[in-house]
Amino acid sequence: MTSSISLKQWEALTAPERQAVLSLSVTDEQIEFAGSVERSVERCNAEPDGQVAGLAIFECDAIVGFMLLKRATVEQAWANPSDALVTAMRIDLAHQGKGFGTAALRAVPGWIAQHWPDSRRLALSVDEENAAARRAYEKAGFIDSGVREMGRIGWVRYLAMPLEQLADAAAA
């Protein structure tokens with residue numbers, strides 16, 4: 001079911017696709033952990049310099065979610081400068097629990113190899129209480145660093161996945 005997952009950058013979406021992204025239904029808990037979809041879209045529109053990418057998650061022709069990637073900066077002490085970061089990911093309520101989040105995360109390294117080939121790692125922080133997200137990240141191949149710190153709403157864990165092989169293949 002999840003083999004037909006694809007990612008499409010916010011700027012390349014049609015007007016109806018953009019409306020579908022903005023109409024995603026997410027829980028208050030998702031908004032607490034990752035912010036609103038609207039906030040992610042605002043971030044895409046505010047930073048057209050290639051440092052932020054909003055990706056619609058498609059299952060066949062239907063938009064089932066949206067994620068925000070950004071290039072690491074020195075502001076994130078936990079991230080390496082060559083990291084690409086998953087800073088927000090949401091799957092529509094009607095599509096949760098079907099493996100779409102995990103499949104989308106597995107598709108991200110290919111997108112990064114094509115668009116940000118200098119990235120060497122895909123990294124993220126996740127609230128420890130967000131068990132569903134942590135499971136999806138680990139299923140997708142992320143490895144918990146073992147570091148645990150107090151964040152804005154509780155304990156945070158840091159996970160990452162190496163991208164060297166993909167980046168080297170894209171550069172060849």
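Mentor: Opposite Q9 stands L55, a residue of strand 2. Strand 1 and strand 2 (residues 52–59) are antiparallel to each other, with five bridges between them; two strands count as paired if DSSP finds at least two bridges. Strands here are DSSP runs of E with at least two residues, helices are runs of H or I with at least four, and both are numbered from the N terminus. The model is a predicted one, in which local features need pLDDT of at least 70 and side-chain atom pairs count only at pLDDT 80 or more, while totals for chains, interfaces and linings use all residues. Residue numbers start from 1 along each chain as its sequence is written, and side-chain values use heavy atoms, with hydrogens and water left out.

I5 also belongs to strand 1. I5 has a relative accessible area of 14% and is therefore buried; buried means under 20%, exposed over 50%, and partly exposed in between, with a 1.4 Å probe and protein chains only. Leaving aside residues up to four places away in sequence, I5 touches I57, F58, E59, F100, A103 and A104, where a contact means heavy atoms within 4.5 Å. I5 and P109 are 104 residues apart in sequence, with 13 Å between their C-alpha atoms.

Within helix 5 (residues 131–139), the buried residues include A133, A136 and Y137. These cover an arc of only 100° around the axis, which puts them on the same side of helix 5; the arc is that of the directions from the helix axis to the C-beta atoms. An α-helix has 3.6 residues a turn, so residues three or four places apart point the same way. The cover over the buried residues of helix 5 includes strand 4 (83–91), helix 4 (100–115), strand 5 (121–127) and strand 7 (155–162). R135 and K139, on the other side of helix 5, are exposed. G141 follows helix 5 and has a positive phi, near 110°.

Back towards strand 2, G50 sits in the loop that joins helix 3 (37–46) to that strand. G50 counts as partly exposed, at 31% relative accessibility. Its contacts, not counting residues up to four places away in sequence, are R71 and W116.

For the whole, the protein has six helices and seven strands, in the order β-α-α-α-β-β-β-α-β-α-β-β-α from the N terminus on. Of its 172 residues, 47% count as buried. Among contacts with a separation of 6 or more, 64% are between residues 24 or more positions apart.
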